[in-house]
Amino acid sequence: MLECPQALIWNSFRVSSHQTLPNQLCGSPLDILPCTPDELPVPAGPAKDSVLSILKSRIEDIKRRSWAVKRLWALNSNEENTFTLTVERVLVIITALDTIDVTDPRAIVKTYVKIFGTWTTEQFEYQTAITVKVMLQWAVTAQRGESYRVSVVIALLKRHLLRYRDNFIAPDTKIQDVLMEFLSTECPEPGAPHFAEEYRYIIFLFYELQRARIFSHDKYVQDLIRSGDLNHAQPVMMKLRDGIAAPEDKENPEEKENGKEPREQDLLRPLFPKSLDKASKDSKTELIEEEPDHHILMSKNDNLSRHERFLIHLPIQQIELNRSDRNQRLVMLYGIGEDREQATAAQKRIADNIAKIWQKKVNLEIPDASKALADASSKENAANRELRFRRKPAENYSDCIATFKTQTYYDQHVIANICADSFLDMFHDFLTRGGQMIPTSESLDVLFYLLEYCMNIDEIISVSIELISLLIKCDKEVAARQVPIIPGSASAQHGHVIAAYLSSHYQYFLMHPEAHKLLRGLFELVEPQLRPRDKEACMSSWGRSVAVFMLTAKVDLIKVHNGVDLIQVGRLSDLRNVFPSSEAPLAPPKYSNGDRENAFSEIMKDLKVRRFMNYHEYKKKLALLNQSPGAGISLILAAYNAALDGGRRIEVLSDIATVIAHFAANKPLEGDIYLVVDELCCSQHCKEKILPSSSRLKTENVEHLYTMATLTALLAAKHCISAHALIMRLLQGVFKPFTSTPIPGSG
């Protein structure tokens, strides 16, 4: 009893002739005693009173827990029926949610019928409240994935609220009360398994519930004040003022024991890929570990109650309608003194430091040619027309990103929104005030990463819609300034980043009410490349990637938003034409000599040339590819040689693959790439050697394998070749000799 009182808890499982439950599992071992344990004889001694006191405490604990078992889990008579119905309903709810297909236009209706049915009276007590809680748990559990779960649950709740008035989900149950009870009993606590991940989705869920006007922040605070959990006379943050600056619990336990500080790279790992070089411990690629959570006030040592922690972190949408809620939060957390103003100033200071990334460190300067000298042949005029691309290493602005990660979710929302306004303001300055600098796609990647880190996915879509309209105008302004870059390439880079983040939250995007508007904007952005109206227009690598995303999104949105007009989002034939061929040419190209490699190697070396290629030089190289046999192989060899010079730096490899993708978007290069890959892999498809003996592309050099394999994968990712065709070609030509079983589809 002293060591394991749980083993003595009484249960009411009934045993009869048709049940297989053993007798020893029924009741409690204490039932065989003639009296309670504290009434049994106890040896005399100085510890007698202490032992009796502990025994009585254990007995009371056993009684309390036994009664809880009887009341909540007993399986007899009416209790058995209720328990069975509860378990059955939970299984039905989880199955319905797990099998939902968001591309079905009636998905929400079908799932709602499965979960809530058509019943008007509850089959068992608290049925509606239990149903809602199970849905909320499904939305935030670490056992499921993707952000669309929150959208599904909110859509189902909205539909159910239509049955009643004033946010009632049952005749005597309000949704606000159920949500409040969920936070009080189900909200994860520090130290629990998957705490950081589930708390992240709790924050996301209740932020979206606020946007949908299902959860009221004002009523939540009022309930906390009424219950005594909050007191405006004792602001929450006043108690924690000394612990905010340097929270020791954020350190890695192993590093803390060794007396080391957390590494800065750990804070930046997901945003900036780790460059692997020869100085590594070995030549093997390290897998990226799951990023630890760096938010402050997320430890059980913070002495915060469940609701205090949640109030500190819970974001509020930064719109005028929520001004009173934001002021109410500031008062409850900081009071009405200087601390409140200092907290607001700290948010602005962090946002200003982050905004310097695109204001000073990573941007594109586009001069105004109209202000240049009239003599077009002068060197000074040529310099005035040349754009300037700045991209400083991530280490130069790592501190401000690391600082952002250690803020609360609410502060991160505020900071990210300020950064978004600063980002868009640079485009407004460029268009209306004669500015010369605009942020690059790397800067947009940073901004969207901040929004994604604090789970503000809706803001990513909102910023994208506003940004696309500005990018379309920027294309016209760049053309007016006579800057000789590939038309539309600067704006298409931003479109590529937008498409990448929408792909990460694809089902959330499909369910978003502004999805069709965003897709129309993307089409307007790349339409000049899809439907060229003059001979000067051409497709860029980024425009091609956006078009590939649009094809999938258009087909799915037609299903999801049945009746929404998406005719403006291009013809399906236009979008399908951007895909690479899945078949290799019957007559593979021939490689004659390496003289042409020099013609392409220069464009692989310079960073600015790789990202913003001179349009006239690009047209010359494209003409060379169309007119000279074997020039395509020379281009591919030049790319692989440049990749070896760049080592394992993923940003360099990506830029080189982008250059190849520019040419591949206008001139098929599948045969040239397959021929080089076949020889590098010693494939059976390679009938004769095409690489010169002096080539550095030797597979015997293990150090080169990672670089060449990564570049090949990037070429497939950028649609220079079909990923499916590449895999099948490798299976048939490279791996087939080493396998005894036939490969499906190989004939």
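A search of the whole structure finds 18 salt bridges, a salt bridge being a side-chain nitrogen of Lys or Arg within 4 Å of a carboxyl oxygen of Asp or Glu. The model is a predicted one, in which local features need pLDDT of at least 70 and side-chain atom pairs count only at pLDDT 80 or more, whereas totals for chains, interfaces and linings use all residues. Residues are numbered from 1 along each chain as its sequence is written, and side-chain values use heavy atoms, with hydrogens and water left out.

One of these salt bridges joins the side chains of Glu-181 and Lys-133, with N to O at 2.9 Å. Glu-181 belongs to helix H6 (residues 175–185) and Lys-133 to helix H4 (residues 127–140), so this pair ties together parts that are 48 residues apart in sequence; helices here are DSSP runs of H or I with at least four residues, numbered from the N terminus. Lys-133 is buried, with a relative accessible area of 17%, while Glu-181 is partly exposed at 39%, where buried means under 20% relative accessible area, exposed over 50%, and partly exposed in between, for a 1.4 Å probe and protein chains only.

A second pair lies within a single helix: Glu-208 and Arg-211 are three residues apart in helix H7 (residues 195–211), and are thus separated by about one helical turn. Their closest N and O atoms are 3.0 Å apart in a salt bridge. Glu-208 counts as buried at 6% relative accessibility, whereas Arg-211 is partly exposed, with a relative accessible area of 27%.

Arg-149 lies in helix H5 (residues 148–161), and its side chain reaches the backbone oxygen of Ala-139 at 3.3 Å. Leaving aside residues up to four places away in sequence, Arg-149 touches Trp-138, Ala-139, Val-140, Thr-141, Arg-144 and Tyr-201, contact meaning heavy atoms within 4.5 Å.

Key
Helix = DSSP H or I, 4+ residues; strand = E, 2+ residues; numbered from the N terminus. Polar contact = N/O pair within 3.5 Å; in protein donor to acceptor, adjacent residues only side chain to side chain.
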